[in-house]
Amino acid sequence: MHKIGVIGTGYVGLVSGVAFAETGNKVIGMDIDAAKVDMLTKGKSPIYEPGLEELLQKNLQENRIHFTTSFEDMIQNSDVIFIAVGTPTGEDGSADLKYVKAVAEEIGEKIESYKIIVDKSTVPVGTGAWVEGIIRDKLKVRGLNVEFDVVSNPEFLKEGAAIKDFMEPDRVVIGTDSAKAREVMGSLYQPFTKTGGPIVFMDRVSAELTKYAANAFLAVKVSFINEIANLAEKVGADITKVREGIGHDQRIGHHFLNPGPGFGGSCFPKDVKALIHTAKESGQSLHLLDSVEKINKVQKSVIGNKIKYIFNDDLKGKTVALWGLAFKAKTDDMRESPAIDFVEFMLNNGAKVQAFDPEAMENAKKIFGDKITFVEDQYEALAGADVVAILTEWPEFRSPNFSWLKQHLKRPLVVDGRNLYDLDMMEREGFEYHSIGRRSVGVK
Ligand SMILES: NC(=O)c1ccc[n+]([C@@H]2O[C@H](COP(=O)([O-])OP(=O)(O)OC[C@H]3O[C@@H](n4cnc5c(N)ncnc54)[C@H](O)[C@@H]3O)[C@@H](O)[C@H]2O)c1
């Protein structure tokens, strides 16, 4: 049993905290957001993540986790402290470390005995050493000589499958040169290696770079298949078949080869930017990632442009039923969602948007306000609509009531950014159907 403090109870901090509690540790989740702490204390998860709320309630009941806004409570009662605050994109594209800095300073001001400080947030190479320096400086001012270790332990969970990813990880990366920290971190993660992959120990800088390299590689994969999909459309190939044809090659694999409306979320866009920035600062260019950014920007306009083309460049007065707002299925996260670009495109072109998402509507309302109409049901979005646009691959959109759709749309037109439907079936059902990297069907 370890005594664990987690600073920041967002997607990463909350999931990590609950998972560590579930494996028998005593966990304190600390956040500056009092409303969040209040909700969590009552067993309500502020974010949607499958299985999270149940696990949260179970561990609250068994007194293995509690939440606080008090830094003192957290630091005095923990031996291992995870920093899991946000690291958003700064003005120059670098990762903005203001939250990490605030936390490091507070640790330096409050630490009294040996602690392992773990950078779980995604932070640029060199941040571990920087955090160590901040803490050391604060200790110097206090005239104290307290031992501590700063470890890099990047997180690889996916939103929508965060609990499973955390408890059955493909691998755990731990970056430290301290034997003491290595032993504690190893024992903390040991339960998860029974269900998941191995712990990979390395130096701190390599661990920091590993996280960015992993996300950048996945962003490359997505952008690659998006470009090939756009080409497939031009040359009359079917991207679904091409994907299958290349995915069986074990050197390539099937994962992350789904064409779509561009990647979004809280990680890929910002981490690609931050890595480009790190490289620039080191005097190196990352040409591949520069291209990924360009490709993704273009991809986010693909669905909007298709619709505009279908309506002969005139969207004024048209109504779009939008299915899906979240950047991917099974999350309520709207950060950098392709739906944001899509909605802006539609509004700028004079169209009206009626949107539905099973989980992300509250977050979407914070972004769009009353600029679009939010409806309570995917079918309600169709009222008076000229077209259905699909931006998120929610399971409930996969087998809709097609005859209802046809009856209620002004024109049986579906533009699908996630390739959810079979082309022959859509043709048989009498739809005009456009997707990504495949032929369009039912076009008159
Ligand atoms: N979301 C993901 O899927 C994911 C996956 C892997 C890594 N990451 C990385 O993990 C980090 C956290 O991401 P997230 O999505 O969980 O962020 P988030 O925005 O959901 O949560 C961050 C939390 O930190 C809190 N916070 C900010 N300053 C604080 C302070 N001084 N003291 C205490 N709490 C404070 C905020 O109130 C918020 O609750 C980022 O670096 C991100 O890149 C995220």
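**Helices, domains and ligand**

Analyst: The axes of α1 and helix α3 (residues 52-61) come within 10 Å and cross at roughly 50°. The model is predicted.

User: Which residues of α3 make the contact with α1?

Analyst: α1 passes α3 in a left-handed crossing. On the α1 side, the contact uses V15, V18, A21 and E22. On the α3 side, the residues are L52, L55, L56 and N59.

User: How many residues of the contact of α1 with α3 are nonpolar?

Analyst: The residues of this contact are sorted by class. One is polar and one is charged. The nonpolar residues number six.

User: What is the angle between helix α9 and helix α12?

Analyst: Helix α9 covers residues 204-235 and helix α12 covers residues 287-299. Their axes lie 9 Å apart. The two helices pack at an angle of about 50°.

User: Is the crossing of α9 and α12 left-handed or right-handed?

Analyst: With an angle of about 50°, α9 and α12 are therefore oblique to each other. The way α9 passes α12 is left-handed.

User: Which residues of α12 are in the contact with α9?

Analyst: The contact of α9 with α12 divides into seven nonpolar, four polar and one charged residues. From α9 come A216, A219, V220, S223, N226 and E227. From α12 come L288, L289, V292, I295, N296 and Q299.

User: How many residues does domain 3 give to its contact with domain 1?

Analyst: The domain assignment places domain 1 at 3-202, domain 2 at 212-298 and domain 3 at 300-434. The centres of domain 1 and domain 3, taken over C-alpha atoms, are separated by 38 Å. Domain 1 gives five residues to the contact, of which three are nonpolar, one polar and one charged. Domain 3 gives seven.

User: Which elements give two or more residues to the shell around the ligand?

Analyst: There are 26 residues around the ligand, and G8, G10, Y11, S121 and T122 come nearest. The elements that give two or more residues to the shell are α1 (11-22) and α5 (98-110).

User: How many charged residues does the shell around the ligand have?

Analyst: By class, twelve residues of the shell are nonpolar and nine are polar. The charged residues number five.

Note on methods
Residues are numbered from 1 along each chain as its sequence is written. This is a predicted model: local features need pLDDT of at least 70, side-chain atom pairs count only at pLDDT 80 or more; totals for chains, interfaces and linings use all residues. A residue is near a molecule or strand if its C-beta atom, placed from the backbone, lies within 6 Å of it. Helices (H or I, at least four residues) and strands (E, at least two) are DSSP runs, numbered from the N terminus. Ala, Val, Leu, Ile, Met, Phe, Trp, Tyr, Cys and Pro count as nonpolar, Asp, Glu, Lys and Arg as charged, and the others, Gly among them, as polar. Axes are lines fitted to C-alpha atoms, for helices over the stretch in contact, and angles run from 0 to 180 degrees between N-to-C directions. A crossing is left-handed if the near helix is turned anticlockwise from the far one by less than a right angle, and right-handed if clockwise. Two residues are in contact if their C-beta atoms, placed from the backbone, lie within 7 Å. Domain bounds come from an automatic or database domain assignment. Angles under 35 degrees count as roughly parallel, over 145 as roughly antiparallel, 65 to 115 as roughly perpendicular and the rest as oblique.
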